[in-house]
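Open the structure in your viewer and keep the selection tool at hand. The stops below are taken in order.

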Amino acid sequence: MDSSASITLARNFYEALANGDRSRLGQLLHPKFAGHTTEGLPLGLGGDYANADDMRRNFWGKIAKNYAAKAHPGDFRLLDDGRLFVQGRYSGEALANGAKLDAEFIHILSFTGGQISGLTQLTDSERWAKAVQTDGAASRLSTLEFRVHDTLATITLNRPEAHNAIDARVASELYEVAKRCANDATIRCVLLQGRGKSFTVGGDLPFLSNAKSGELPGLLRSMTGPFHDALRTFARLRVPIVASVQGAAAGGGLGLMHCADIVLAADNTKIALGFGSLGLTTDGGNSWFLPRLVGMRRAAELYFEGRVLNANEALEWGLVTRVVPLAELETQALACARRLASGPTQAFGEMRRLFRESLTASLSEQLAAETEALSLTSATTDAAQAIASFVGKRKPVFHGR
């Protein structure tokens, strides 16, 4: 294609994107279209996109859900290899908070048979991240690691020197990554883990002990606010959660474990509440989860008698799914999370909701909810393909839709 034809095709492409014209995009993009976007973009936007549908759903579609933004091309230059260099700016705002977005971009467009067959994008990922934040927190996490790769989100508590104790910063960052998970439609499973010898010992007692006289109640309120919001968000995610637990798992930090659907515990795990010995009641949802998980008597034993459970006792009580050797924990937890990430995501999400709502619903209400959820999931592509695979004696492949 000559320069004029390439530029005309590119202008039509940007106009179709700005108008959300899916039909026009379908005409402009080649059947073998592939895209690559800037690594480090928020919401899991950065990376490779295998085809036009993937790019439309998981890149442009996700941008539309989180930003009111447009690409404004300015400079077009045909390269020696026939590709088109496009320089311009993204402008708009984040839908969550109205924060302004202004970021320069460079696009390299490839062409095949009069259609766009490739897009490579370069842009300032930090500007995108800052715009989408809703609480003013710095875009770089300091107490957690958060990564989305191949539809699996991994959240790692990263204060090993403090046994991953929860202070105000951890609480705030947990809420931040919980929101990122909730807003990222590409995520199909979440893995929660702790770096070092412990999953988490719960509240950071040295941090709390620095509170001046009369300040502790306010400090605890300021910490439990974002921490409990994080737990609410994790509990309501429409994807399964796997928790990988080792060493100490205690106090309010148990709430992270309670939110998980599958909990793998290393054989060195010790579980305790510990609040009673500090003259405190519980946080982290322990007073809600524990009676439902282990029963009222055992929940009372954990609190009033300060019972400490080893890994096998936690398994017997129903607090963990299975116990594995410490040396195998990371490998087995990752394998479990990847299996769930490759499953029927919409069905998993509906089952999470059904399980959660069953705790307060009557039998009649739950039966009605099951009918609605079954009807909804039966209309998915995953269900249709899985049923056909079963009949055809093939292993189903799920795409999460």
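Predicted model: local features only at pLDDT ≥ 70, side-chain atom pairs only at ≥ 80, totals over all residues.

Start by selecting T37, which sits in strand β1, residues 29-37. Its relative accessible area is 0%, so T37 counts as buried. Now show what surrounds it: leaving aside residues up to four places away in sequence, T37 touches L45, G46, G47, Y49, M55, F59 and Q121.

Next, turn to the aromatic rings, of which 10 pairs are found in the structure. Select F33 and W60: this pair is tilted, with 6.4 Å from centre to centre and 40 degrees between the planes. F33 belongs to strand β1 and W60 to helix α3 (residues 52-66), so the pair ties together parts 27 residues apart in sequence. Both F33 and W60 are buried.

Move on to W288 and F289. Their ring centres are 5.1 Å apart and their planes stand at 85 degrees, so this pair is edge-to-face. W288 is partly exposed, at a relative accessible area of 35%, whereas F289 is buried, at 17%.

Finish with two charges over rings. Select R77 and F85: R77 lies over the face of F85, 4.2 Å from the ring centre. Then select K179 and Y175, where K179 lies over the face of Y175 at 4.6 Å from the ring centre.

Terms used. Residues numbered from 1 in each chain as written. Heavy atoms only, no water. Helix = DSSP H or I, 4+ residues; strand = E, 2+ residues; numbered from the N terminus. Buried < 20%, exposed > 50% of the residue type's maximum accessible area, 1.4 Å probe, protein only. Contact = heavy atoms within 4.5 Å. Phe/Tyr/Trp six-rings, centres within 6.5 Å; stacked < 30°, edge-to-face > 60°. Lys NZ or Arg CZ within 6 Å of the ring centre and 35° of its normal.
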